[in-house]
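Please read them with the structure open.

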Amino acid sequence: MDDIKDLDFYCFKHLNKKVEAVCTEKNCPYYRFFCIKCFLERPDHLNKHRSHILDVESILTKINEVKQKKGLSRFARKEAKEKTALQKNMPDIIIQINSNLEKHRGFIKNCEDRIMDMP
């Protein structure tokens, strides 16, 4: 799943209410995913962890950004590995190209000589 913005999450305490916010406090003793009703029932949670409470859309945006960065960094590592392998093998590749070039030049020379020797 590339983009998870279209998912709906429902509060496990109030099953018919959508999750509105997420508490990212590491040691939060409250419900981490909560609806507006949870907010109203537990204002102490909001007061205690205000700086750690994010709306669902912000959380999903952050998740997508992290997924994209990981994907790009994975791609960059693979590209760097392939580039290093290519650079390491470059002398052998050049030797092989030159060898094939010489073989082709010999073949062309042989063909030219035969043509010139034709009556």
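Is Phe 75 buried or exposed? Phe 75 is exposed, with a relative accessible area of 54%; buried stands for under 20% relative accessible area, exposed for over 50%, and partly exposed for values in between (1.4 Å probe, protein chains only).

1. Basis. This is a predicted model, in which local features need pLDDT of at least 70 and side-chain atom pairs count only at pLDDT 80 or more, while totals for chains, interfaces and linings use all residues. Residues are numbered from 1 along each chain as its sequence is written, and side-chain values use heavy atoms, with hydrogens and water left out.

2. The sheet. Three strands form an open sheet in the order S2-S1-S3, with antiparallel pairing. Strand S2 (33-34) and strand S3 (53-55) are at the edges and each has a single partner strand, so one side of each lacks a neighbour in the sheet. Helices (H or I, at least four residues) and strands (E, at least two) are DSSP runs, numbered from the N terminus, and two strands pair if DSSP finds at least two bridges between them. Strand S1 (residues 21-23) is joined to S3 by three bridges in the antiparallel sense. Ala 21 has Asp 55 as its bridge partner in S3.

3. Helix H3. Helix H3 (residues 56-116) lies across S1 and S3 and runs at about 85 degrees to S3. Axes here are lines fitted to C-alpha atoms, for helices over the stretch in contact (heavy atoms within 4.5 Å), and angles run from 0 to 180 degrees between N-to-C directions. Phe 75 is in helix H3. From C-alpha to C-alpha, Phe 75 and Leu 60 are 22 Å apart in space, and they are 15 residues apart in sequence.

4. Cysteines. A disulfide is a covalent bond between the sulfur atoms of two cysteines; the criterion used here is a pair of cysteine sulfur atoms within 2.5 Å. A search of the whole structure finds zero disulfides. For Cys 23, the nearest cysteine sulfur is that of Cys 28, 3.7 Å away. Cys 23 is buried at 2% relative accessibility, and Cys 35 is buried at 0%.

5. Cores. A nonpolar core is a set of buried Ala, Val, Leu, Ile, Met, Phe, Trp, Tyr and Cys residues joined through side-chain atoms within 4.5 Å. The largest has ten residues, including Cys 11, Cys 23, Tyr 30, Cys 35 and Phe 39. S1 and helix H1 (36-41) each supply at least two residues of this core. Another core, of five residues, lies apart from it, with Val 22, Val 56, Ile 59 and Leu 60 among them.

6. Two histidines. His 14 lies in the segment before S1 and is buried, with a relative accessible area of 10%. Its side chain makes a polar contact with the side chain of Glu 41 (3.1 Å); such a contact is a pair of N or O atoms within 3.5 Å, where within protein one must be able to donate a hydrogen and the other to accept it, and residues adjacent in sequence count only if both atoms are side-chain atoms. His 45, in helix H2 (residues 43-49), is buried at 5% relative accessible area. Not counting residues up to four places away in sequence, His 45 touches several residues, including Cys 23, Cys 28 and Tyr 30.
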